[in-house]
Amino acid sequence: MMWVRSSLAYPASFLLMLVSQALITGTDFIAVLLMFSHLKSFGGFSLAEMALLYGTASMTLGLADLATGSVERIGQRIRGGELDVWLIRPVPAFLQAVTDNFALRRLGRPLQALLVMAIALGNLPINWTVPKVLLLAISLISGSIIFAAIFVLGAAFQFISIDSAELANSFTYGGQQLTQYPLSIFGKNIVRAVTFVVPLAFVNYYPVLYLLDKPAPLGLPAWIGLLAPVVAVVMIALAALAWRGGLRRYRSTGS
Amino acid sequence: MSVIELQNVSRAFTVSSRTGLRRTRREVRAVDGLSFTVEPGEVVGYIGPNGAGKSTTIKMLTGILVPSDGTIRVAGVDPSRNRMKLAKRIGVVFGQRTTLWWDLPLKDSFAVLQKMYGVPRARHAENLATFVELLDLGDLLDVPVRQLSLGQRMRGDIAAALLHDPEIVYLDEPTIGLDIISKARLREFLAEVNKERGTTIILTTHDLDDIEALCSRVMVIDHGRQVYDGTLAGLRASQSAPRTLVVDLASSMPPITVDGATVTKVDGPRQHLTFPTSTSAAPLVAQIAANYPLVDLSVAEPTIESIIARLYTAATPTP
């Protein structure tokens, strides 16, 4: 709440930040557009389908970043002693960590993603049924949760190794780069890794495949996209355990 | 009933150091078999050299750190198990860092704390008005915390720690880096809070004057062990560290003779005399004034460091 207010203290500068944030995150999509000026389809995806994939990847990461992106600063907060201050307050440390320096400019990415998604959906001949609308809505939520859980897992790892913030970034921001392309263009091993190890494929790829009536890779059933909420729940549980473990370790080692 | 109870509390840290290729792990006991109790309304000075275990003790009392051994009860509960519940009943001030929000004006920080601690609006307003007056915060309420001077920030921090009517307040070096006037004002305020509200205060400090002005009781800790627990006067007397009387005479003179004190240094018209802690300075001053052309004088108390140094070298630490 207070960070929202401090963001809005300078409305013009806030607006500029928001627009520049949207533009910066949008440059990826411009690369996709350029690519399609030479290609008709990419990994079996048309431009509009790519746009949907891009939009959902960007939207889910954007929402996760908005909600939990601040936890990646936990290493700094441990070093600076702010974590001790959080621990003397009657509010869970996690809540204070995610609201720490809450940056409203992070709205830029979801806004830009919303635009791309709207264009994509307007150009796709999807036969909309109630289950498909639900699937899209739910997979956006579960995808955001998966990214958010990865943010938190990365932060929890910083309790052990304070300078490991970049490691988590390679899975979150790096994960978004990955998931904006049809995963079938990558090797089978990568697809296996993002299905079974770090379940980035469930963020948007499998749900979008289902939405577009495309077959799943690795001989997986087409309904695998419906498992996204289950994966999200598992990821929340893992993230919560890791965070608690990290905090317990901090409180029992003092470092 | 005691508000704080420690029984045989220890806290060990593992320090790993690297010598060549071999990594050795060593266990350091920051706090080692500490036992004490504090009664409601007491003001306790908790002193000791750097690295003695003061901050570790405070962190265990607040529930931030879990003790490796022993039991702690604060306000009737185990702090590490009931950390968030206890948080509403304690206030903490870290001298070296702020608990306020860097970019927010002071009054917004206070408003956030009111919500966080669930303080009833009326009570919050009442407390805020009291602290604004006593700590002279009126002009600072609209200033972002990052623009406050150290002394102003400290006043803000102390108000913040007290807004939710805590039963116990821990102050970790609250006067560090403050000028004399700010220090005096702060001490006055804390004494007032203790008297009016019966708040128990635990204060770590390097400044003996803080203890002198505020604390009815002093605890000295070194290497994680308690080496003294009692009054400040008792601490001074027990260690018989000599006090120093500095007299400025009208002109340079040979060393003066005074009963009960000896001249240790002559520096032009200024002479330094030492006398035991057990002796009062007043008769000495009267004696000198009667026999010599006295212009000015001052009494230097033994520094906390010198007293503590004696405490450690003493064969048997005074209980």
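**Reading chain B**

Guide: In chain B, residues 24 or more positions apart account for 68% of the contacts with a separation of 6 or more; a contact means C-beta atoms, placed from the backbone, within 7 Å. Mind that this is a predicted model, where local features need pLDDT of at least 70, side-chain atom pairs count only at pLDDT 80 or more, and totals for chains, interfaces and linings use all residues. Residues are numbered from 1 along each chain as its sequence is written, while chains are lettered from A and ligands numbered from 1 in the order in which they are written.

Visitor: How many helices and strands are there in chain B?

Guide: Helices (H or I, at least four residues) and strands (E, at least two) are DSSP runs, numbered from the N terminus. Chain B has 10 helices and 13 strands.

Visitor: What is the strand order in the open sheet of chain B?

Guide: Strands pair if DSSP finds at least two bridges between them. Here six strands run β5-β6-β7-β3-β8-β9, with mixed pairing. β5 (90–94) and β9 (225–230) of chain B each have a single partner strand, so one side of each lacks a neighbour in the sheet. The twist averages 15° from one strand to the next, with axes fitted to C-alpha atoms (for helices, over the stretch in contact) and angles from 0 to 180 degrees between N-to-C directions.

Visitor: Do β3 and β8 of chain B run parallel or antiparallel?

Guide: Parallel: four bridges join β3 (residues 43–47) to β8 (residues 217–222) in chain B. B:Gly45 sits opposite B:Val218 in β8(B).

Conventions
Contact = placed C-beta atoms within 7 Å.
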